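Student: I'm about to open this model and would like to talk it through with you. Could you take my questions as they come?

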Amino acid sequence: MAYERAADVVTIRVAMPERKLWWRNFTGEGGPMALDLDGGERAGHGVARVDGKGRVTITVRLDGPPASNGR
């Protein structure tokens with residue numbers, strides 16, 4: 001999955017969104033999601049946006065510091 005990160009904001013570009021369903025859970029107001037970053041799980045809130053060409057980008061605002069993963 002391709003993503004970019006700037007501090008506590010992660011931007012995910014969904015490849016071939018017309019063939020995928022999962023990103024639709026984050027349309028409108030968006031919803032909670034967890035990402036594996038920084039050696040642990042990071043919780044955040046993701047919102048999907050579709051541009052005029054049908055490209056989908058999900059912006060995730062991360063909550064707090066990384067959780068300990070016990071590894």
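Student: How much of the contact between residues at least 6 apart in sequence joins residues at least 24 apart?
Tutor: In this predicted model, 40% of the contacts between residues at least 6 apart in sequence join residues that are at least 24 apart.

Student: And how many helices and strands are there in the chain?
Tutor: The chain has five strands and zero helices, and reading along the sequence gives the pattern β-β-β-β-β.

Student: What does the C-alpha trace span, and how many residues count as buried?
Tutor: Along its principal axes, the C-alpha trace spans about 40 × 20 × 20 Å, while 28% of the 71 residues count as buried.

Student: Is Arg 61 buried or exposed, and why?
Tutor: Arg 61 counts as exposed because its relative accessibility is 52%, and the cut-off for exposed is over 50%.

Student: Which residues does Arg 61 contact, leaving aside neighbours within four places in sequence?
Tutor: With those neighbours left aside, Arg 61 is in contact with Asp 8, Val 9, Gly 44 and His 45. The C-alpha atom of Arg 61 is also separated by 6.6 Å from that of Val 10, although the two residues are 51 apart along the chain.

Student: Back to the whole chain, how far apart are the mean positions of the positive and negative charges?
Tutor: The chain has 11 positive and 9 negative charges, and their mean positions are 7 Å apart.

Terms used
Residues are numbered from 1 along each chain as its sequence is written. This is a predicted model: local features need pLDDT of at least 70, side-chain atom pairs count only at pLDDT 80 or more; totals for chains, interfaces and linings use all residues. Side-chain values use heavy atoms; hydrogens and water are left out. Buried means under 20% relative accessible area, exposed over 50%, partly exposed in between (1.4 Å probe, protein chains only). Contact means heavy atoms within 4.5 Å. Helices (H or I, at least four residues) and strands (E, at least two) are DSSP runs, numbered from the N terminus. Lys and Arg count as positive and Asp and Glu as negative; His and the chain ends are not counted. The place of a charge is taken as NZ of Lys, CZ of Arg, CG of Asp or CD of Glu.
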